[in-house]
Amino acid sequence: MKNTLFEPVIKIKGVGPKIEKKLIEKKIENKIDLLLNLPTGIIDRRFCPTLDQLEIGKITTVFITPIKYSFPRIRNLPSRVTCADKYSKIDLVFFNSRENYIKQALPLNEEVVVSGKVNFYNNKYQITNPDYIRSTDKGSDIKKIMSKYPAIQGISDKTLQKIYCDESKNLEEIKEWHNIELIKENNWPSWSQSIKRIHNPINENDINKNSLFYERLAYDEIFSNLLIFNEIKKRIEKIIKKPKKIEESNIDKILSLIPFSLTDDQNKCLEEILRDMKSNKKMMRVLQGDVGSGKTIVALIAVYLNVKNNYQAAVMVPTEILATQHYKLFKEMLKNEKINIELLTGKTKLKEQKIIRHKINEKRIDIIIGTHSLFQESVEFKNLGLIIIDEQHKFGVKQRIELSQKGSSNTDVILMTATPIPRTLILTNYGDMNISTIKKKPFSNDNIKTLAKPIEKIDEVLHFVNEKISKGDQVYWVCPLIEESDKLKLTPVTKRFDYLKKNTSCKIEFIHGSLKQDEKNKIMNDFINGNIDCIVSTTVIEVGIDNPNANTIVIENAERFGLAQLHQLRGRVGRSGKNAYCLLIYSAGISENGKKRLKIMKNSCDGFYISEEDLKLRGFGDVIGYKQSGEKDFVIADPIYHSHLFDLAKENIDKLKESSIEKYHLLLKIFKKDKVLNIIDTG
């Protein structure tokens with residue numbers, strides 16, 4: 001039998017060219033897109049009161065008798081039908097309905113069943129354009145519980161519901177891809193039965209995230225996601241590389257150049273990385289750690305030992321300023337070693353870029369540090385042995401595959417992130433990689449004190465900031481907007497900059513994403529070099545800026561930021577181990593969730609705890625930094641509600657045989673994971 005799941009929406013019953021266009025605008029392009037666009041709630045028509053018990057705004061089903069028509073002869077005025085039961089009266093109001101249709105649907109003095117939302121106008125109850133009108137003998141045709149979908153402009157709710165209802169009811173039964181034992185153990189219905197029931201619920205619990213029908217679909221989506229990661233991992237593990245020799249003398253040498261001892265966590269992560277480097281399998285590893293946990297030093301050691309094996313290393317970071325900071329650190333630490341280190345960013349002059357690219361190709365550069373420009377086609381490495389990518393959450397699966405192919409089979413890859421990843425999201429985003437975690441920081445978090453202040457106390461905050469600057473401190477002042485907005489009542493950078501200029505005598509500048517790169521770099525370098533006391537900024541300072549002399553940060557409208565982002569911003573201060581301060585300014589209209597976030601920030605500096613709380617408070621789809629390529633990884637599954645299903649899927653995937661992926665071809669296609677499979681096949 002031909003599978004119709006992937007036919008275009010125009011072939012769906014009830015969909016013409018106009019509706020097709022509206023659906024495609026919502027990225028519903030074929031039948032499976034429609035079926036996986038699950039309802040957001042239910043419409044409950046079980047409320048059947050008499051007319052003296054009506055509730056305004058509630059969808060209601062009433063048994064009534066039409067007693068009077070009113071068809072105005074003035075255009076644009078609605079038609080009305082007055083109806084009654086033995087207790088009271090109600091008007092049915094119709095816009096753009098023909099007189100004959102109304103008389104046929106609502107014959108006088110014959111009881112009918114009507115369903116719709118009750119309103120109150122001119123001291124009368126009324127239902128405008130009722131959803132359903134049936135004679136009493138056909139009243140059972142009115143579905144008491146219906147799925148509710150997000151409104152699509154240009155398609156009536158009734159039409160949309162009919163399309164979903166018809167299409168899901170006619171869904172053919174699909175051959176089961178899971179083992180029958182798994183289905184029985186979890187008491188799950190089939191995939192097709194689950195789709196049918198969620199779009200045609202019998203009771204309100206059917207569409208809940210913890211219903212058996214929803215769980216079945218969520219499990220399949222999670223399973224398909226982890227299956228692809230498992231396939232990528234298996235294929236990477238098949239790549240045979242030349243093991244790198246790690247000599248103890250070289251380890252001792254690089255450790256002697258570091259002016260402090262590594263923490264236990266740093267040593268553990270280093271051991272995991274060196275084990276990968278020494279193996280004959282290609283390394284694909286995430287190095288995660290909290291802000292200031294010392295990931296860069298671990299990376300530097302790996303880079304040094306890679307170079308000692310006569311390989312090149314590339315270190316890529318998201319910003320030119322961070323690239324420059326890394327470059328200076330590497331140059332300083334390795335100044336007495338015969339190692340050629342260069343910097344390549346968008347700011348590098350074109351003539352110099354050409355020279356650097358030529359040197360890379362001839363292996364006259366051992367370590368190249370830079371931004372995305374490192375991985376342009378024009379940059380060709382002679383013998384690339386290690387790629388380090390800092391702030392890697394900006395890279396999705398496709399980019400990881402491309403990067404792993406940039407060098408050769410001998411090229412190891414380490415992705416570093418200062419955004420601690422909640423447990424479930426490690427599986428959802430990094431199932432194709434091994435994870436190394438630095439939890440303990442080299443210095444205590446106790447040096448950063450976090451305070452929350454209402455906007456009304458801005459003068460107190462200003463006094464505190466002036467006092468800190470007078471003692472030689474430098475200050476970050478973060479605002480959510482660049483300029484004033486009519487829609488959002490948030491403090492813009494430009495307004496706060498003007499205010500601080502008038503009320504302080506310190507050297508102050510502002511920076512935001514709309515400035516030219518050269519301007520941003522100059523201001524940030526002046527700040528790092530101590531030529532600016534206070535910098536007013538948007539969140540562009542969030543990623544990796546290291547200024548040990550900046551020990552105070554003020555964040556305005558703090559309740560509007562996610563916990564993970566607040567923690568990243570707070571991580572800009574206290575990096576020297578000195579006492580530091582984070583002042584969270586909140587507005588008068590702060591929400592309950594906003595209060596919870598600020599309380600968590602005040603009580604904890606543990607990034608791993610904060611990332612878990614952020615996931616709980618904001619939900620999977622909104623967590624900053626965990627989305628790949630700007631899209632949600634899941635349309636059905638929710639890592640918060642379905643964390644147990646991730647563990648179950650991982651357990652079952654670990655049991656799969658080599659050829660099992662063929663069995664799940666249709667499942668992968670349903671959730672569009674076959675596209676990723678195509679990428680790794682062509683790679």
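Let me start with a term: a residue is buried under 20% relative accessible area, exposed over 50%, and partly exposed in between, using a 1.4 Å probe and protein chains only. By that scale, Asp131 is partly exposed, at 27% relative accessibility.

Now, the ground rules. This is a predicted model, where local features need pLDDT of at least 70, side-chain atom pairs count only at pLDDT 80 or more, and totals for chains, interfaces and linings use all residues. Residues are numbered from 1 along each chain as its sequence is written, and side-chain values use heavy atoms, with hydrogens and water left out.

How confident is the predictor? pLDDT is its confidence in each residue, from 0 to 100. The protein chain has a mean of 85, and 90% of its residues reach 70 or more. Over residues 620–631, though, the pLDDT is below 50. Where pLDDT is low, the predicted coordinates should not be read in detail.

Back to Asp131. Its partner is Arg45, in a salt bridge with the closest N and O atoms 3.1 Å apart. A salt bridge here is a side-chain nitrogen of Lys or Arg within 4 Å of a carboxyl oxygen of Asp or Glu. Arg45 is buried, at 1% relative accessible area.

How many salt bridges does a search of the whole structure find? The count is 32. Another one joins Arg197 and Asp206, at 2.7 Å from N to O. Arg197 is partly exposed at 22%, while Asp206 is buried at 4%.

Salt bridges that share partners join Lys268, Glu272, Asp276 and Arg285 into one network.

Next, helices and strands. Both are DSSP runs numbered from the N terminus: helices are H or I with at least four residues, strands E with at least two. Take helix α7, residues 212–237. Of its 26 residues, 22 are buried, so α7 is largely enclosed by the rest of the structure.

Finally, an open sheet. Its 6 strands run in the order β16-β21-β20-β17-β19-β18, with parallel pairing. Two strands pair if DSSP finds at least two bridges between them. The edge strands, β16 and β18, each pair on one side only. β18 pairs with β19 over 4 bridges, and in β19 the bridge partner of Glu509 is Ile535.

How values were computed. pLDDT = per-residue confidence, 0-100. Contact = heavy atoms within 4.5 Å.
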